[in-house]
Amino acid sequence: MTAIAIDRARLLSEIEALATISDAAAPAVTRIVFTPTDLKARAWLKALCDEAGLAVRHDAIGNIFARWIGSDPSAPVVGTGSHIDAIPNAGKYDGVVGVLGGLEAIRALRQSGFRPRNSIELLMFTSEEPTRFGIGCLGSRLLSGTFTPDTARKLTDKDGSALEDVRRSAGLGGELETVVLPSNYYKAFVELHIEQGPILERQQIPLGVVTKIAAPASLRVALEGAGGHAGGVLMPDRRDALCAAAELILTVENAARTSGAVDTVATVGICHVFPAAVNSIPSRVRLSVDIRDTDLARRDAVMAALETAWRSISTKRQVAIHSELVNADAPADCAPAVIEALSQSCKKHEQKFLSMVSRAYHDSLFLARIAPVAMLFIPCHNGYSHRPDEYASPEDVARGTLVLAETLATLSA
Ligand code: GLV
Ligand code: MN
Ligand code: MN
């Protein structure tokens, strides 16, 4: 085996090419699951995997697997990958670095003359982002058995289209029951990703080895007050749903700020107002609430405190507040053996690394339920992510890909 050589120019040109398959004008990227744009990106990725000589298949939810068959084809698989869907007005690196970096790592290993014992498999997960169906990590929830097919079949998008119909129109046959993987499928899984926070860049450390993934939860909240004429209804008579929502949003911010730990974060990212007319009192509001913490008990305590605060806002303003839990997932600990393989690969290539927590969620959160998992982070400029100016330098992308390749070699030897 010769030294592993990452073809940086090829990898970067593929990242740029994928960014052009987008529903937003550059530099923004929008690629929502099962839209024509997403389907085009999937076809493009499959063609690249074919070209690389990998055995490509997809499952009923559209997770794409591209396998380099090892010398012991029946041995558990060493996996890598991430997602290529992108939230509205996103950047070009979130998820993409893990998919195209994973592919490049496999190509570089082949080129080096390395022959794996365990098959090495690239995995592109369907809908890591929650944009269309309201809940993230659809592919990995089903693969890991976290989500039952029945739960998935109940999902609809904002136009009322059922996931089941949407995936079938996208050409995905078969039943969702077939998606779940056996618990001995993986020997290990490693996800390469941009950090999506500022720590690596601030500390000038080029790599992060993730030891834990924080616990995400989200809620849908509906507020129902009374509408009316903006001139005619006097202030004492109002039951303004948006004013109640404003108070509610501040309880969310305050709960995270005062939890006692910087690890609690909370966001209201969606706010729909009805009827949304200048001269009409808002009668209905729909919000999303996203709450995360590295500590499960503290996150759940924050959620319970919010429900209490919302009851008092509801009573005071005579606005009905109904909240529906979308997901409340446990955190995941990464596997010591995979952390060790990543750490040794960093050392072999004389790269400093930081052991760190992932505050963003990833498909690895769910794969950790059926496989030994760890993640490798590269810095992103200013920690920007989920915005068009998300940026990871070519050096960092290539470095992360090299260490990923080395780790896949170690795990599959
Ligand atoms: C993933 O995109 C997340 O919101 O953490
Ligand atoms: Mn994302
Ligand atoms: Mn991501």
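This is a predicted model: local features need pLDDT of at least 70, side-chain atom pairs count only at pLDDT 80 or more; totals for chains, interfaces and linings use all residues.

**Entry 1**

I started with the domain assignment, which gives domain 1 as 8-214 + 331-412 and domain 2 as 215-328. I then looked up their C-alpha centres and found them 33 Å apart. To the contact, domain 1 brings 12 residues and domain 2 brings 11 residues.

How much area do domain 1 and domain 2 bury between them? I get about 880 Å², with 58% of it on carbon and sulfur atoms.

With the rule above in hand, I found 2 residue pairs in polar contact across the interface of domain 1 and domain 2, both at pLDDT 80 or more. The search for salt bridges across this interface returned 1. I also looked at R359 and D263, whose side chains form a salt bridge with an N to O distance of 2.6 Å.

**Entry 1: the manganese site**

Next I turned to the manganese ion (ligand 3).

I then checked the manganese ion (ligand 2) and found it 3.7 Å from the manganese ion (ligand 3), with D94 coordinating both. D94 sits in the loop between β5 (86-90) and α3 (96-112), while H193 belongs to strand β7 (residues 186-194), so this pair ties together parts that are 99 residues apart in sequence. Are D94 and H193 buried or exposed? I have both down as buried.

**Entry 2: two residues of helix α12**

I finished with helix α12 (residues 394-412), where I looked up E395 and T407.

E395 is partly exposed, and I noted a relative accessible area of 38%. I also took the C-alpha separation of E395 and I378, which is 9.9 Å for two residues 17 apart along the chain.

T407 has a relative accessible area of 0%; the cut-off for buried is under 20%, so I put T407 down as buried. What does T407 touch, leaving aside its neighbours within four places in sequence? My list reads V190, A341, L342 and S345. With S345, the side chain of T407 makes a polar contact of 2.9 Å.

Technical notes:
Residues are numbered from 1 along each chain as its sequence is written. Chains are lettered from A and ligands numbered from 1 in the order in which they are written. Side-chain values use heavy atoms; hydrogens and water are left out. Donors are N, O and S atoms within 2.8 Å of the metal (3.2 Å for Na, K and Ca); water is not among the atoms, so sites may look incomplete. Helices (H or I, at least four residues) and strands (E, at least two) are DSSP runs, numbered from the N terminus. Buried means under 20% relative accessible area, exposed over 50%, partly exposed in between (1.4 Å probe, protein chains only). Domain bounds come from an automatic or database domain assignment. Contact means heavy atoms within 4.5 Å. Buried area is the accessible area (1.4 Å probe) that two parts lose on being put together, summed over both. A salt bridge is a side-chain nitrogen of Lys or Arg within 4 Å of a carboxyl oxygen of Asp or Glu. A polar contact is a pair of N or O atoms within 3.5 Å; within protein, one must be able to donate a hydrogen and the other to accept it, and residues adjacent in sequence count only if both atoms are side-chain atoms.
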